[in-house]
Amino acid sequence: MKKIFEYTKGMLPVSTHYCPGCTHGIAHRLVMEVLEERGLLGESIGVAPIGCSILSHNYMNVDMCESAHGRAPAVASGIRRAMPDKIVFTYQGDGDLASIGAGEIVHAAHRGEKFTTIFVNNAIYGMTGGQMAPTTLIGQKSTTGIEGRKKEISGMPLRVAEMLATIDGAVFVERVALNTPANIRKAKKAIDKAFAVQEKRLGFSFVEVLSTCPTNWGLNPVESLKWLGKNMIPYYPLGNLRSPEEVE
Amino acid sequence: MKEKKLMKGNEAFAEAAIRGGCSLYFGYPITPQNEIPEYMSRELHKVGGTFAQAESELAAINMAYGGALTGKHVFISSSSPGIALMQEGMSFLASAEVPLVIMNVSRGGPGVGGIQPGQGDYRQVTKGGGNGDYHVPVFAPASIQESVDIIYEAVPIADEYRNPVMVLVDGMLGQMMEPVVLPPIRRQITSEEIAQKKPWALTGHKGERTHNVVKSLRLKPDELEKHNIHLEDKYKKMKRELIRYQTDRLQGATVVFVAFGTMSRIINEAVDHLEKAGIKAGIIRPISLWPFPDQAFDEIDPCTKVIISAELSLGQMMEDIKSAVAGRFPVELIYRVGGMVPTPMEVADKTKKILEVIA
């Protein structure tokens, strides 16, 4: 019988700590599948953030480190300078990257650091229990905005992909979502291109992955996927913002 | 014969790090240490190393963490307010057990303070400005030659203990020129040596070993406690092995000064002035500020009337002196702060006044 599906060697055979319905598991797998297919698992060094995915190193079968809150792009820059031959990536959430680490991500892009960032945006702080993030949508409830985010108080949600796409060094910028099988396939393609950009050392590559947080959204997993499609995608439009010719 | 060169402090420090085998430098501009990143940007690539200017001190130390966790030798530098920003990183590196050499060319504080020499960093560097139970060994040389030698030696020390090590000088040493004999060039660590000596380093597992993880988070209290005790065992070892100090003229001294760095050089002259005035004075010069050389105080002659902490800060080191003296002698303070530096005569006059009160 022909084997049509195999678990990626990029993921270690352990259960994750993620909540039921959380899309971190899908995002992890897509990144690891891409690295496996490109033959890069043994050549990669990953940087985990502060947030739910700090423990991603328990699941991803590549050399990895933790980093202080928001500092993953600086850590990855250091690794990149030390190891010019390796594949380097950060995997960060929206509290880590868009809030406390906004400076580090902008300057990593600005220097055109030749690593890849996977930015998992679920519009809320997950690990600390549902506080408002820079990416929380208007009207979206959080534990630090129980009546829903208000523009007058907290400003409009930050569109990180669009912001980074204005920076020359960020040569590949795409936003994808994990709410449908079709979108998941597109997400994998984008992640694959981001690593292709890095393999060719063309500059900084960035994929924003719209994700769910059923626990802190107060929705079940299926409702969460629908909520993502209905509320997040209109404000955070999917698609490629920058891509070099070399990977097209 | 070894060649003696006249060098500016900051440039000599950078050269010492390069000769010590450091191949990576990350920094952010701040006075009075700017000649270090400038020198590194010119020179490091010539030995196959990499210089990168960070967007902040926060980023600089985290870049250094990234570089050092691959097993390579990394050097960074900053000055007092920048060191404050790096404290998060120092705590993290100590927790993750990643070696690093940090140069602090300190200035007056608090806050932005000024850009003239100061020793007001004593507390932030010896007591650990970051969170949690950790220590960073701090060496405080008093000349450019001694700085060069200590930076060179700090590279293997950081490796041995898998911990950051700091070399603390004040802006005076960074900005002045002195003759210096540079150490021989130590070969940079090879990937084979990293694989052998640093099996924890992140180098890509190549499918040949299980994946390595460099981490700080330990969610289970029993696991974190175990890690804390493991770190504490290292700190106890450092206390046994890394204490450095010099003493001079303690025998029969009426007054014993305790001073480090630039201040110790002023005290050396003040001691001469006092001797001419018939007052016998000795000096304890701590070179390691953490671990603090408590045992040096056991060498003090019982005839001594007073111990004086001479600082470019407001009694920060005096706390450690009092703890080491443990009530055996009175401890007084002579200081200038804000970037002001006393003359030897000024110190001698103040000492005489202190002795008048005590006698």
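Analyst: Happy to. Let's start within chain B, where B:E160 and B:K237 form a salt bridge with their closest N and O atoms 3.5 Å apart; the term covers a side-chain nitrogen of Lys or Arg within 4 Å of a carboxyl oxygen of Asp or Glu. B:E160 belongs to helix α6 of chain B and B:K237 to helix α9 (residues 221-241) of chain B, so this pair ties together parts 77 residues apart in sequence. Helices here are DSSP runs of H or I with at least four residues, strands are E runs of at least two, and both are numbered from the N terminus. B:E160 is exposed, with a relative accessible area of 52%, while B:K237 is partly exposed at 29%. Buried means under 20% relative accessible area, exposed over 50%, and partly exposed in between (1.4 Å probe, protein chains only).

Before going on, a word on the basis: this is a predicted model, in which local features need pLDDT of at least 70, side-chain atom pairs count only at pLDDT 80 or more, and totals for chains, interfaces and linings use all residues. Residues are numbered from 1 along each chain as its sequence is written, chains are lettered from A and ligands numbered from 1 in the order written, and side-chain values use heavy atoms, leaving out hydrogens and water.

The side chains of B:R285 and B:E146 meet at 2.9 Å, N to O, in a salt bridge. B:R285 sits in strand β12 (residues 281-286) of chain B and B:E146 in helix α6 (residues 144-161) of chain B, 139 residues apart. Both ends are on the inside by the accessibility cut-off: B:R285 is buried at 9% and B:E146 is buried at 16%.

Loops join in too. B:R328 and B:D298 form a salt bridge of 3.0 Å, N to O. B:R328 is in the loop between α11 (316-325) and β15 (331-335) of chain B, and B:D298 is in the loop between β13 (288-290) and β14 (306-311) of chain B, so parts 30 residues apart in sequence are tied together. Here B:R328 is partly exposed at 42% and B:D298 is exposed at 52%.

In chain A, a network of salt bridges links A:R29, A:E33, A:E37 and A:K188. Over all chains, the whole structure has 40 salt bridges.

Now for the bridges that cross between the chains. There are 3 salt bridges between chain B and chain A, including the one where A:R111 meets B:E55 at 2.7 Å, N to O. On the side of chain B that touches chain A, β2 (24-27), β3 (50-53), α3 (57-68), α4 (80-96) and β9 (213-214) of chain B each supply at least two residues. α3(B) gives the most, with 7 residues.

To set those bridges in context, the contact (heavy atoms within 4.5 Å) takes 35 residues from chain B and 32 residues from chain A. Strands cross the boundary as well: β2 (residues 63-66) of chain A and β9(B) run parallel and are joined by 2 bridges, where pairing requires at least two DSSP bridges between the strands. Within that pairing, A:M64 stands opposite B:V213 in β9(B).
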